[in-house]
Amino acid sequence: MWLRLRLDDMRLIVHYVGLFVVGVGLVMAVPLVTGLLYGEYDAALDYLLGMGVVCSIGALLVNACSRPENLNHTHALAITAFGWLAASSAAAVPLAFSGNYGSYLDALFDAVSGFTTSGLTVVVDLDHMAHAHNMWRHLTHLIGGQGIVVAALSLAVGLRGGGFSLYLAEGRDERILPNVLHTVRFIWYVTAVYVALGTLALFAVTLYLGMSPERGVLHAFWIAVAAYDTGGFAPQSLNAMYYHSFLFETVSVFLMLAGMMNFNLHAQVWRGDRIELWKNLETRVLAFNIMVLSALVAIGFAATEAFSGPLAAVRKGAYHVFSAHSGTGHQTVYSSQWATDFGGPAFAAILIAMAAGGAVSSTAGGIKALRLGLIVRSVIQQVKEATAPRSALMRARYHHLGERFLTPEIGAAAATVFILYMVTYVTGALIGAAYGYDAGSAIFESISATANVGLSTGVTSPTMPTGLKIVYITQMWAGRLEFIAVLVLVGQLIMSLGPQRSRRAA
Amino acid sequence: MPVHRLQSPFERWRSGLLVEIVASAVFMAIAYGMVAILVWIL
Amino acid sequence: MRRTPRTGLRWMAVSLCAAAALLATIAPAPAAPPAGVLTPAQVVEIDRALDGSVIELQGEAIGESLRAHGGGRWINLLGDGTAIGVWMTEEQAATVRLFGDHRTDGDIVRVTGVVNVSCDQHGGEFDVHAESVFVIEPGGPRDNPVQPWKGAVGLGGLFLAFGLWRAHRARRDRRML
C-alpha cells in the first residue's frame, strides 16, 4: 500500500533532513581544526565557508518546516533515503572549493562515495591535496559507515515487525528507546576500539617506513578508518600501493575483516559467546567464499602466469579478494592492470567477491553473506521437500545469533534483495557499455559502485561522462540503502506528484 | 546465556576482541598460505 | 484544489537547485608533461613486451622517501595524474630533497632504470629499479592563496544559522507553553 505524502508529511521529512544537514555542517569543525593545526589556512577557510553555508541552509530547512508530529515507518524510510542525498550534497560543498575537483558534481561524487563507504574517486591531483580535505574525505567514511548501520539495523527490526522501528533510530531527537540508543552506542564503541587499535598499529608501521610522525599519524588514522569502515579512500593517488609494504597491507586486511563482520556478532563475541563466531551462518559463508575465491585467484594466476611467486600471489591476489569481499576497495595494482595483467579467472573471482559483499549490519556493501546463505539453504530445502513424502513436515533451521527457522518469508526477502542487486549490477554495466567502455570494465565498475567496493578498472575518472557519474552516484546511494528506502522514496514521490485522486481524510 | 545478557556488553570486550583478532589471524594465515602454496605448486 | 501551500515548497526546491548550480564552477590545473622521456602515466601503460627493459622516466617526487622491505628506498614519482614507485639505494634517495604535498612542489626527478610489470623481488609490484637518479629541477613552495571572502561568508552563514536555531528554539518553547 502506498501512502500518499501529505504536506505535513513532507514538512516533517524536510525538517529531519535539515537536521542531518546541520549535523554534517557541525562535523566540518574537525577538518577545520586539522587545517589550522597543520597551517593550511587556505583549506581551513574552505571548511569555515562550508560550515557557514551548510549550517545556514540546514537551519533554514529545520526552521521552515518544524512540525511536532509523530514519525511513522514510511517517514523514516523517506528521511533516510532523502537524508543521505542531502548530507552528501552538504559534504560536497567544501570539497568543491578545494580546487581538487573539476566541478560540484565531482565533489558530490566523492561525497556520496565517501558516505556510502565505496571509495571510487574522481579527485584530481590527490597527492597535493590539503590534509584538511583528506581528513574530511575519510571522515565521510567514518560517518557513513556507522550511520547507515543504524538505519539498516533498524530497518531489519522494522521489517520483522519488532517492538521498535526505524524512525526511532534515524529520527533521533528526543524519541529514542533505550534499546536503540544502546545499540547505536555499542556500534560506536566497537568502531572506536578498532579504529584506535588500527591507527596505533598502522602508525607504528608508518614510523618504521620512515614517515614523519605528523604525517604518519594522519595516514594511519585515515587508512584505519578507510579499512575498518570498508571505505577505500586513501590520501595518495597510489592508494594502498603508495606504502610499498606487505606489513602495511596485512594490518589493513585485519581491519577489513573486522569491518565486514556483523555488529551483532561483535556484540555476541564481546559478551563472551565465542562459539557464535564459528557457528554463525554468515561467518561460515564468508569464510567459505573467501577460501574458494582465493583458490580461484591462485589458479588464475598460475594459468596466466600473471603475478609469479607466492608473495606476489598473496599481495596482488589474496589481498584483493579480502579487499573486494569486504567492500573496502583498497587497491595494490593499477586500474589498467585488471584488464591487462590480472587474467580471466582471477578477474572473475574479484567480480564475484565484490558482488557477494560482507555481513549484514556491518559497514560492508554488496548482497551480503547472510542472504546468500539463506538462499542456498532455501534451495536445498525445496529440493528436500520435493523428494520427501507428502506427509512429512520439514522445517529448515539456520544459526545466526541463535537457532532460527528458515521460513519462506525470510527466504523470499533475501531473494528479493538479491534480485534487486543483480538487476542493478547488470543495468549499470549495460549503461557503462553503452557509453563505449568495454564489457569487462563496465561490469566491474558497476558492481564496484553498487556494492560500495571502490576497486576501479579506470572507468571512474574525472574525465568520465557526466551521465555515467550520475548513474554511479545513484548506484552507490541505492546500493548502500539496500534499495528498499530508495524505492519507497521514489514510489512516494510518484504518488505525491501525480494527479490528485481520492485522498484519505486525515 | 541469560547470565551474559544481564552483564554490560562491554564487560568482556578485551577477551572478545582478542578472540576476534586471533580468529582473523588464523583465517588470514590459512587463506594466504593456501594461495601461496597453490601458486607455488601449479 | 489546495494549491497554495505546495507552491511554497516548490519555490524552496527551485531555489535550492539554483544554489547547487551556482556551486558548479571550478576548474583543475593539469600538470606539465615532460618531453622526450616517459611520464609515470606512460610507464604504467607501457607495452608489456618492454617488461624488464631499461627506460627513462621523469616525474615529481611526492610524499616522502619510504623504507623498502629488504633494503633500499622507495620514492614515488608523479606525472600526468599517475604515480609510480621507484626503488633506489639510500644514496640515490638522499639526492632528492623536496617531496610534493599541499604546501610543496616536489623535486622533478629523472630516473633511468629497469621497469618491472610484476617485480619478483618486491612481491609483484609494478615498479622501476633505478640505475641513475637525477634531480633536474628543484622543487619549491606551492602557492595556496588564502581567500578571505570564504571566511567572511562562512562566519556570516554561521551567524545566520545560529540566529535561525535560536528562533526555532524560541518557537518550540512557545508551543510547549
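Me: What share of the 177 residues of chain C counts as buried?

Reply: In this predicted model, 36% of the residues of chain C count as buried.

Me: What makes up chain C, and in which order along the sequence?

Reply: Chain C has four helices and seven strands. Their order along the sequence is α-α-β-β-β-α-β-β-β-β-α. Among contacts in chain C with a separation of 6 or more, 58% are between residues 24 or more positions apart.

Me: How many residues of chain C are in contact with chain A, and how many of chain A with chain C?

Reply: The contact involves 59 residues of chain C and 65 residues of chain A. On the chain C side, at least two residues each come from helix H1 (4-22), strand E1 (54-67), strand E2 (73-79), strand E3 (82-88) and helix H4 (148-176). H4(C) gives the most, with 17 residues. By class, this side of chain C has 28 nonpolar, 18 polar and 13 charged residues.

Me: Which element of chain B gives the most to the side that touches chain A?

Reply: Chain B puts 22 residues into the contact and chain A 30 residues. H2(B) gives the most to the chain B side, with 17 residues. That side of chain B divides into 17 nonpolar, three polar and two charged residues.

Me: Why is H13(A) called roughly parallel to H2(B)?

Reply: The axes of helix H13 (residues 281-304) of chain A and helix H2 (residues 13-41) of chain B cross at roughly 25° and come within 8 Å. Angles under 35 degrees count as roughly parallel, so H13(A) is roughly parallel to H2(B). The crossing of these two helices is right-handed.

Me: Which residues make the contact between H13(A) and H2(B), and what are their classes?

Reply: H2(B) contributes B:Phe27, B:Ala31, B:Met34, B:Val35, B:Leu38 and B:Val39. The residues from H13(A) include A:Ala287, A:Ile290, A:Met291, A:Ser294 and A:Phe301. The contact of H13(A) with H2(B) has 15 nonpolar residues, one polar and no charged.

Me: Why is H1(A) called roughly antiparallel to H3(A)?

Reply: Helix H1 (residues 7-27) and helix H3 (residues 41-64) of chain A have axes that cross at roughly 160° and come within 7 Å. Angles over 145 degrees count as roughly antiparallel, so H1(A) is roughly antiparallel to H3(A). H1(A) passes H3(A) in a left-handed crossing.

Me: Which residues make the contact of H1(A) with H3(A), and what are their classes?

Reply: Among them are A:Val14, A:His15, A:Val17, A:Gly18 and A:Gly25 of H1(A). H3(A) supplies A:Met51, A:Val54, A:Cys55, A:Ile57, A:Gly58, A:Ala59, A:Leu61 and A:Val62. The contact of H1(A) with H3(A) holds 14 nonpolar, four polar and no charged residues.

Me: How do you know whether A:Ser89 is buried or exposed?

Reply: A:Ser89 has 22 C-beta neighbours inside 10 Å. Buried requires 20 or more, so A:Ser89 counts as buried.

Me: Where is A:Ser89 found, and how many residues separate A:Ser89 from A:Val112 in sequence?

Reply: A:Ser89 is found in helix H4 (residues 73-96) of chain A. A:Ser89 and A:Val112 are 23 residues apart in sequence, and their C-alpha atoms are 8.1 Å apart in space.

Note on methods. Residues numbered from 1 in each chain as written. Chains lettered and ligands numbered in written order. Predicted model: local features only at pLDDT ≥ 70, side-chain atom pairs only at ≥ 80, totals over all residues. Axes fitted to C-alpha atoms, helices over the stretch in contact; angles between N-to-C directions. Parallel < 35°, antiparallel > 145°, perpendicular 65-115°, else oblique. Left-handed = near helix turned anticlockwise from the far one by under 90°. Contact = placed C-beta atoms within 7 Å. Nonpolar A, V, L, I, M, F, W, Y, C, P; charged D, E, K, R; others polar. Buried ≥ 20, exposed ≤ 12 C-beta atoms within 10 Å, placed from the backbone.
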